[in-house]
Amino acid sequence: MIYHLSLHTSGITAGAFLVLVGLIGMLKPDLASVVQRFPRSRVAGVLVLTICLVWTFWLLATIQMGEFSAFRRPLLIALPIGYALALRFVDEFLAVRALGILCLLAAEPLLDAAFLRYETSRLLITVFAYVLIVAGLFWVAIPYVLRDQINWSARSAFRWRCLHAVAFIYGSVILAFAFTQY
């Protein structure tokens with residue numbers, strides 16, 4: 001275990017995130033125009049990539065690497081260099097790629113918390129984590145997919161609200177189980 005988070009804490013975190021995103025999306029459908037600018041936003045890309053750098057640096061500095069511990073120092077040196085090179089040379093969809101990396105990083109604590117738990121409701125968190133993983137892999141490898149997903153969901157206010165209502169309901173169910181079963 002890297003993070004030492006309980007299923008209760010992970011459920012509250014994931015549920016609160018989904019409820020917040022769903023609530024904001026349902027109440028403010030005009031935010032779709034702001035979200036549509038996200039994929040090409042340089043500022044958002046630098047901000048999210050910096051969060052990813054700090055998180056990855058912390059992981060690399062604290063994780064048990066076993067027989068690969070000799071690689072720790074070179075990786076700790078290569079990580080900021082890769083960050084600087086990404087900022088310099090990745091102009092296309094930097095925010096999307098950084099968000100994909102963040103999704104991949106965020107999925108691990110959720111899976112770690114649900115590992116070897118007996119409650120069937122843990123699968124709600126596990127499914128959310130795997131959705132983050134699949135989305136993160138697509139957004140890193142094929143970043144224009146997020147732009148297309150945002151444009152599709154923002155095509156009508158009804159569609160935008162429905163998708164956010166699903167996120168709100170899913171987050172509410174996770175929160176309910178987090179407070180009652182985990």
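The secondary structure here is eight helices and zero strands, and what you see is a predicted model. Reading along the sequence, the pattern is α-α-α-α-α-α-α-α. The C-alpha trace spans about 55 × 45 × 20 Å along its principal axes. There are 182 residues in the protein chain, and 35% of them are buried. If we take contacts between residues at least 6 apart in sequence, 81% join residues at least 24 apart. The chain exposes about 10800 Å², with carbon and sulfur atoms supplying 73% of that.

Now the pockets. Rolling a probe the size of a water molecule over the atoms shows where empty space is left. The largest pocket holds about 1700 Å³ of space. Its lining consists of 40 residues, and those nearest the centre are Phe17, Leu18, Val21, Leu132 and Trp139. Which helices supply at least two residues each to that lining? They are H1 (7-27), H2 (32-36), H5 (94-114), H6 (122-141), H7 (144-153) and H8 (157-180). H1 provides the largest share, nine residues. By class, the lining has 34 nonpolar residues, six polar ones and no charged ones.

The second largest pocket has a volume of about 180 Å³. It is lined by 13 residues, with Leu49, Gly82, Tyr83, Ala86 and Ile101 closest to its centre. Helix H3 (42-62), helix H4 (72-89) and H5 each give at least two residues to this lining. The classes here are 10 nonpolar, two polar and one charged.

Next, the packing. In soluble globular proteins, nonpolar side chains tend to be buried together. In this model the largest nonpolar core has 23 residues, and the members that touch the most others are Leu7, Leu110, Ile125, Phe128, Leu132 and Trp139. H1, H5, H6, H7 and H8 each contribute at least two residues to this core. H6 gives the most, with seven. There is also a second, separate core of 12 residues, which includes Val48, Leu59, Ala86 and Leu87.

What does Trp139 contact, leaving aside neighbours within four places in sequence? The list is Val96, Arg97, Leu99, Gly100, Cys103, Leu146 and Gln149.

Leu132 sits in helix H6. Its relative accessibility is 14%, so Leu132 counts as buried, the cut-off being under 20%. With neighbours within four places left aside, Leu132 is in contact with Cys103, Ala106, Ala107 and Leu110. Leu104 is 28 residues away from Leu132 along the chain, yet their C-alpha atoms are separated by 6.5 Å.

The last one is Ser10, in helix H1. Is Ser10 buried or exposed? Ser10 counts as buried because its relative accessibility is 2%. Not counting residues up to four places away in sequence, Ser10 touches Leu5, Pro109, Leu110, Ala113 and Ile125.

Definitions and conventions:
Residues numbered from 1 in each chain as written. Predicted model: local features only at pLDDT ≥ 70, side-chain atom pairs only at ≥ 80, totals over all residues. Heavy atoms only, no water. 1 Å grid on protein atoms, 1.4 Å probe; cavity = no way out; pocket = protein on both sides within 12 Å on 5 of 7 lines; lining within 4 Å. Points joined across faces, edges and corners; volume = space filled by probe spheres on them. Helix = DSSP H or I, 4+ residues; strand = E, 2+ residues; numbered from the N terminus. Nonpolar A, V, L, I, M, F, W, Y, C, P; charged D, E, K, R; others polar. Core = buried A, V, L, I, M, F, W, Y, C linked by side-chain atoms within 4.5 Å. Buried < 20%, exposed > 50% of the residue type's maximum accessible area, 1.4 Å probe, protein only. Contact = heavy atoms within 4.5 Å. Areas by Shrake-Rupley, 256 points an atom, 1.4 Å probe, with all protein chains shown as cover.
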